[in-house]
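User: Please walk me through this model, one feature at a time. Start with the overall layout, then go into the parts.

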Amino acid sequence: MGGINKYPIYEILIKFVRDRNPDRNYEKDSWSIKGLRKNRLRDVLHKRTMFRSDVSDDELNDFAQLIWKNSRKQLPNPSKPKFEIQLVDREEWCLGWFFHWTFDVGQSDSEVLESFENFLHRKGVGLNYSYGYPAYEYSSRNKDSYCAMGAEDRWRWHGIKDTKFGNDSENKTPPPCRCPVCKEQGVIRIFH
Ligand SMILES: [Zn+2]
């Protein structure tokens, strides 16, 4: 393929106040409750996402509003939210919850794996090829290092047969993931 695709990656913070969980205790001086009414709590939704090409402020706002619309139903008495949207990177891979993803532009499996390794190297992440070797400890000791959520363990990388059936070991495939969900979304994932 040649060349690195640098896609814009945004971090979206949605800050709001909601009711506390009645069965949880909160530290009296915690920032999350300080100065609020008795049963209220500060909370924040956090979403990192990557776009295929540059997006306008309006598109970003619409995207953030959609996240809020889908999330607020599950929240107890949420206040009007405050949005903070920031361009955080231009890269080929975006971090999800214990996976990374990129757009499917027709790469072969070996091109995908090579691109992901190169990405981690650009981020200063060393790779750990065999199980049990504590490379992760070295990375996590450096506070400024990129949080790879386990991707530094090369042996962890895998795909999933079909995410409908979960991330269980019997559903694992060799990386990268090209399951029906990835296909439908036009992305490629690497779980770790
Ligand atoms: Zn998939």
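Analyst: From the N terminus on, the elements follow the order β-β-α-β-β-β-α-α-β-β-α-β. That comes to four helices and eight strands. Helices (H or I, at least four residues) and strands (E, at least two) are DSSP runs, numbered from the N terminus. Residues are numbered from 1 along each chain as its sequence is written. This is a predicted model: local features need pLDDT of at least 70, side-chain atom pairs count only at pLDDT 80 or more, and totals for chains, interfaces and linings use all residues.

User: What percentage of the 192 residues in the chain is buried?

Analyst: Buried residues make up 17% of the chain. A residue is buried if 20 or more other C-beta atoms lie within 10 Å of its own, exposed if 12 or fewer, and partly exposed in between; C-beta atoms are placed from the backbone.

User: How do I read a sheet, and in what order do β1, β2 and β3 lie?

Analyst: Strands of a sheet pair through backbone hydrogen bonds, either parallel or antiparallel. Here, two strands pair if DSSP finds at least two bridges between them. The order is β2-β1-β3, in an open sheet with antiparallel pairing. β2 (40-50) and β3 (82-91) stand at the edges with a single partner strand each, so one side of each has no neighbour in the sheet. Neighbouring strands are turned by 20° against each other on average, direction ignored. Eleven bridges join β1 (residues 7-19) to β2. Arginine 18 has leucine 41 in β2 as its bridge partner.

User: Which helix lies across β1, β2 and β3?

Analyst: Helix α1 (residues 57-72) does, running at about 40° to β1. Axes are lines fitted to C-alpha atoms, for helices over the stretch in contact, and angles run from 0 to 180 degrees between N-to-C directions. Two residues are in contact if their C-beta atoms, placed from the backbone, lie within 7 Å.

User: What is the strand order in the sheet that holds β4, β5 and β8?

Analyst: β4-β5-β8, open and antiparallel. The edge strands are β4 (94-95) and β8, each pairing on one side only. Two bridges join β4 to β5. Cysteine 94 stands opposite tryptophan 101 in β5.

User: How do I read the two faces of a helix? Which residues of α2 are buried?

Analyst: An α-helix has 3.6 residues a turn, so residues three or four places apart point the same way. In α2, the buried ones are Val112, Ser115, Phe116 and Leu120. They cover an arc of only 135° around the axis, which puts them on the same side of α2. The arc is that of the directions from the helix axis to the C-beta atoms. Ser110 and His121 are exposed on the other side. The buried residues pack against β5 (99-103) and β8 (187-191). Glycine 124 follows α2, with a positive phi near 75°.

User: Which residues have a positive phi although they are not glycines?

Analyst: Phenylalanine 98 is one, at about 60°. Phenylalanine 98 sits in the loop between β4 and β5, and is partly exposed, with 13 other C-beta atoms within 10 Å. Methionine 149 is another, at about 50°. Methionine 149 lies in the loop between α3 (135-141) and β6 (159-160).

User: Where is a cis peptide bond?

Analyst: Between proline 175 and proline 176, with omega about -5°. Proline 176 lies in the loop between β7 (172-173) and α4 (180-185).
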